Amino acid sequence: MLSFGVTFQANPPVSQVVGWTKLAEEQGYDYAWIWDSHVLWQEVYPIFTLMAEATGRIKIGPCVSNPITRDPTVTASVLATLNEISGGRMVLGMGRGDSARRVIGKTPVTVERLEWACRLIRDLAAGREVDYDGTKTQLKWSLGHEVEIWVAAYGPKALRAAGRVADGLIMQLADPYIVEWSLPYVREGAEEAGRRFEDIQVQAAAPGYVTVDLAHARDQVRWFPALVSNHVVDLVNRYKTVELPQALTDYIKARDHYDYAEHGQVGAEHASFVTDEVVDRFCVIGTAEECAAKLRELESLGVTQFNNYNMGEDPAEQMRIFGKEIIPAFR
C-alpha cells in the first residue's frame, strides 16, 4: 500500500507548521517532514517537539539532515528524547548535506561518512553501545525506540550505501524512468550487506499539485527540477556521463547558475532553464485522476511512499485535496 508524506519549510511562524502537521494527520497522511537547513529556515528540532505534542499518529522527522551540521551523537540524543515525547514516532532522513552545507560555503560530506553516521545514530538512539571514533559511548537513558532511517541518494555509490544501511530510500524526484534505473543499485547494496531489498521502503519525494490548470501547476513547481540540478551537477562531476541516465543529466545543459537565497522557492529566477517536459517528468501535477495515475505507475515500480513537497500556494488546500481525492484511492 502506498503511504503518503508531506514536507514543509520551517518558515515563521512556527505555529503554521504545527497547524499544517495537525491537518496532515487529519487528512490521512502518514509522515510529516521538514527540510533541515538551519540557515535558510528555522531550526527543526524545537518544531518537532511541538508537532509531536499536537499529534498522535503521524510520523515526524527531517527530510533530510546530514552528519556534520550536528554531530551524530547530538542527532541520536535528540531523536531518543523526541521519541519519548512522541511515543516512538520519530524518523530520520539523512543525506550528504546540500543546502545546509553549501549556503555556508562548505561542501557535502562523503558517502562513507554518511553511511557511518547512519549506523552510529541507529544504535546510539536505541540505547546500544557504540564505538565513537575509539570511545565507547551509550545513551543509557534511551527508552530503546528504534529510529527508522531514510537515506537520500541519486548516484550509484550513494544508492548502494542506502541499500546497505537504510530502512528507506529517498528518491528526490517522481520520474518513473529514473526510479526504475536507480533501484537495482539499491538491491546491489542490500545484497552486499546480506539484507533483503524487499524490506527497504522507497520514497518518491517531489512536489504534487492538483489542478485543472496545468500551466499554473508548472509555475508552482518549476523550482523543483532546478533544485535537483544541484545534485545532478555533483553527479556529473563524479561519474562519466555514460554511467548516468540521460533523462537525469541532459536537462542541466541549459543551467547557468543557482541562487541558494531562492532555494525551494516558487518563482525562483534560476529555474527559468527548466522546461515543461522536465517539470512534468519530475513532479506529480494535473487533475486528481492524472496525479493518481502517475502515483500508481510509481507504486508499480516499487515506490512505497509519495512525499509531497507541498510548498506552492495554499499548502493547506492542497493537503485537503489530496486527503479527499487521492489518498483514499490508495487505502
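**Notebook: aromatic rings and a covered helix**

I began with the aromatic side chains, and I noted that Trp35, Trp41, Trp223, Phe224 and Tyr309 form one aromatic cluster. I remind myself that I am reading a predicted model.

**Entry on the aromatic pairs**

I then searched the whole structure for aromatic pairs, and the search gave 17 of them. I looked up tyrosine 31 and tryptophan 150, whose rings lie 5.9 Å apart from centre to centre, with 80° between the planes, and I recorded this pair as edge-to-face. Where in the chain do the two partners sit? Tyrosine 31 belongs to strand S2 (residues 31-34) and tryptophan 150 to strand S7 (residues 148-152), and the pair links distant parts of the chain, 119 residues apart. I also checked their cover, and both tyrosine 31 and tryptophan 150 are buried.

Next I turned to tryptophan 35 and tryptophan 223, whose ring centres are 5.9 Å apart and whose planes stand at 80°, so I wrote this pair down as edge-to-face. Tryptophan 35 lies in the loop between S2 and helix H2 (44-54), while tryptophan 223 lies in helix H9 (residues 223-238), so the pair ties together parts that are 188 residues apart in sequence. Tryptophan 35 and tryptophan 223 are both buried, and both are members of the aromatic cluster with which I began.

**Entry on helix H6**

Is helix H6 mostly covered or mostly open? I found that H6 (residues 156-165) is mostly covered, with 7 of its 10 residues buried. The buried ones are Pro156, Ala158, Leu159, Ala161, Ala162, Gly163 and Val165.

**Entry on the whole chain**

Finally I stepped back to the chain, which has 13 helices and 12 strands. A compact globule of 331 residues would have a radius of gyration near 20 Å, and the chain has 19 Å, which agrees. The C-alpha atoms fill a box of roughly 55 × 45 × 40 Å, taken along the principal axes. I noted that 57% of the 331 residues count as buried, and that, among contacts between residues at least 6 apart in sequence, 75% join residues at least 24 apart. The accessible surface comes to about 13,100 Å², of which 49% belongs to carbon and sulfur atoms. For charge, I recorded 33 positive and 45 negative side chains, with the centres of the two sets 5 Å apart.

Notes:
Residues numbered from 1 in each chain as written. Predicted model: local features only at pLDDT ≥ 70, side-chain atom pairs only at ≥ 80, totals over all residues. Heavy atoms only, no water. Helix = DSSP H or I, 4+ residues; strand = E, 2+ residues; numbered from the N terminus. Rg over C-alpha atoms; globule rule 2.2 N^0.38 Å. Buried < 20%, exposed > 50% of the residue type's maximum accessible area, 1.4 Å probe, protein only. Contact = heavy atoms within 4.5 Å. Areas by Shrake-Rupley, 256 points an atom, 1.4 Å probe, with all protein chains shown as cover. Lys, Arg positive; Asp, Glu negative; His and termini not counted. Charge placed at Lys NZ, Arg CZ, Asp CG, Glu CD. Phe/Tyr/Trp six-rings, centres within 6.5 Å; stacked < 30°, edge-to-face > 60°.
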